[in-house]
Amino acid sequence: MNWARWIWIPVLTLGLTACTGQASGSPMVSAPVTPYSTLDPAQVARGQQVYTQYCSSCHGVNAQGAPGWATPGPDGLYLPPAHDDSGHTWHHSDRVLYETVRDGMGDPLRPNSPLRMPAFADKLSDAEIRVAIEYLKSFWSDEHRQYQFDQTLKDFRPTPTPVP
Ligand code: HEC
């Protein structure tokens, strides 16, 4: 008789619901925080080389941004922003940062506007883009590193399973 196999499904589902209900119902349990991962000094050092060669002319040798970057120009556009704690780079997940460097950036309010930051897809390898981003993380406070790490976890997209 096949029903004997199916009867387990509602039993298992109820069991799972009970577990979840218990965890979220307890006032003592707060949302778990996954501590941000530590930086690999070798990657940071390689990232600094990439940054110095390809990024510092616009974003500043110490990632401090172009002078006056936080105030829009007469055209309403911003100069290359800081990447340290005073900027907003740390607001974005690893994926967003990676894609910004790979694809470049135009006016964020006008899709397909001319790129004000060049795309680096043809100049840098995947690994070079990633280490440059690791280097930027070395400028951030513990709090900002944790925030950016949480954004990265929330933005995680599993690789789709290829259709056979
Ligand atoms: C020719 C100048 C120029 C160069 C070179 C350049 N950028 Fe930019 N970058 C910009 C401008 C301009 C913006 C966007 C300003 C705006 O409109 O907000 C920007 C934005 C960014 C942002 C988005 C920041 C945010 O908070 O949204 C990241 C990340 C970034 N750059 C990283 C890099 C890295 C890494 C390199 C080197 C591989 C690099 N940039 C090289 C000019 C440059």
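The legends below describe close-up views of a predicted model. Local features are described only where pLDDT is at least 70 and side-chain atom pairs count only at pLDDT 80 or more, whereas totals for chains, interfaces and linings use all residues. Residues are numbered from 1 along each chain as its sequence is written.

**View 1. The shell around the ligand.** The ligand is surrounded by 23 residues, of which the closest are Cys55, Cys58, Pro80, Arg116 and Met117; a residue is counted here if its C-beta atom, placed from the backbone, lies within 6 Å of the molecule. Helix 4 (56-59) and helix 5 (94-103) each contribute at least two residues to this shell, helices being DSSP runs of H or I with at least four residues, numbered from the N terminus. By residue class, the shell holds 15 nonpolar, 7 polar and 1 charged, where Ala, Val, Leu, Ile, Met, Phe, Trp, Tyr, Cys and Pro count as nonpolar, Asp, Glu, Lys and Arg as charged, and the others, Gly among them, as polar.

**View 2. The crossing of helix 5 and helix 6.** The axes of these two helices come within 10 Å and cross at roughly 120 degrees, the axes being lines fitted to C-alpha atoms over the stretch in contact, with angles from 0 to 180 degrees between N-to-C directions. Helix 5 and helix 6 are therefore oblique to each other, since angles under 35 degrees count as roughly parallel, over 145 as roughly antiparallel, 65 to 115 as roughly perpendicular and the rest as oblique. Asp94, Leu97, Tyr98, Val101 and Arg102 of helix 5 meet Ile129, Arg130, Ala132 and Ile133 of helix 6, contact requiring C-beta atoms, placed from the backbone, within 7 Å. The residues of this contact divide into 6 nonpolar, no polar and 3 charged.

View 3. Glu128 and Gln43 are separated by 85 residues in sequence, yet their C-alpha atoms are 9.4 Å apart in space.

View 4. Ala63, in the loop between helix 4 and helix 5, has a phi near 60 degrees, a positive value in a residue other than glycine, and is buried, with 22 other C-beta atoms within 10 Å. Asn112, in the loop between helix 5 and helix 6, has a positive phi of about 65 degrees although it is not a glycine, and counts as exposed, with 7 C-beta neighbours inside 10 Å.

Key: Two residues are in contact if their C-beta atoms, placed from the backbone, lie within 7 Å. A residue is buried if 20 or more other C-beta atoms lie within 10 Å of its own, exposed if 12 or fewer, and partly exposed in between; C-beta atoms are placed from the backbone.
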